[in-house]
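Please keep the sequence and the model in view while reading.

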Amino acid sequence: METITLKSQLKKQKKQLRRNLSTLNYLFILELNREDLSDDKRNLDIQNLKASLQREVIRNTQFISDYKSQLK
């Protein structure tokens, strides 16, 4: 890939990683501060969203690592 394309993809992946980490942080705070612990549907939705975001964080991190190694 061209250097310009790699740099733009690297920037895009870093932005997405920050967004995903911020969302995970928000979900963590929601879990800590929730008042209704008996809402199983909500808990399941939060857990599924967290799992999906964690996979995305891993994927973003792999892309960032790959793009950085190609730029060297």
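Lys-50 has a relative accessible area of 17% and is therefore buried, where buried means under 20% relative accessible area, exposed over 50% and partly exposed in between, computed with a 1.4 Å probe and protein chains only. The model is predicted, so that local features need pLDDT of at least 70 and side-chain atom pairs count only at pLDDT 80 or more, while totals for chains, interfaces and linings use all residues. Residues are numbered from 1 along each chain as its sequence is written, and side-chain values use heavy atoms, with hydrogens and water left out.

**Salt bridges**

The structure holds 3 salt bridges, each defined as a side-chain nitrogen of Lys or Arg within 4 Å of a carboxyl oxygen of Asp or Glu.

| Pair | Closest N to O distance |
|---|---|
| Lys-50 and Glu-31 | 3.1 Å |
| Asp-45 and Lys-41 | 3.2 Å |

The salt bridge of Lys-50 with Glu-31 links distant parts of the chain, with Lys-50 in helix H2 (residues 40–71) and Glu-31 in helix H1, 19 residues apart. Helices here are DSSP runs of H or I with at least four residues, numbered from the N terminus. Glu-31, the partner of Lys-50, is likewise buried, with a relative accessible area of 17%.

Asp-45 and Lys-41 both belong to helix H2, where 4 residues, about one turn of the helix, lie between their positions in the numbering. Asp-45 is partly exposed at 38% relative accessibility, whereas Lys-41, with a relative accessible area of 54%, is exposed. Arg-59 and Glu-56 are separated by about one helical turn because they are 3 residues apart in helix H2; Arg-59 is partly exposed at 34%, and Glu-56 is partly exposed at 26%.

**A buried glutamine and a nonpolar patch**

Gln-13 lies in helix H1 and counts as buried, since its relative accessibility is 7%. Leaving aside residues up to four places away in sequence, Gln-13 touches Asn-60, Phe-63, Ile-64 and Tyr-67, a contact being heavy atoms within 4.5 Å.

Ile-29 is also placed in helix H1 (residues 3–33), and at 39% relative accessibility it counts as partly exposed. Together with Phe-28 and Leu-32, Ile-29 makes a nonpolar surface patch of about 310 Å². Such patches consist of residues with over 30% relative accessible area and no salt bridge, nonpolar side chains (Val, Leu, Ile, Met, Phe, Trp, Tyr) being joined within 5 Å and like charges within 9 Å. The accessible areas come from the Shrake-Rupley method with a 1.4 Å probe, and for residues only the protein chains shown count as cover.

Key
Helix = DSSP H or I, 4+ residues; strand = E, 2+ residues; numbered from the N terminus.
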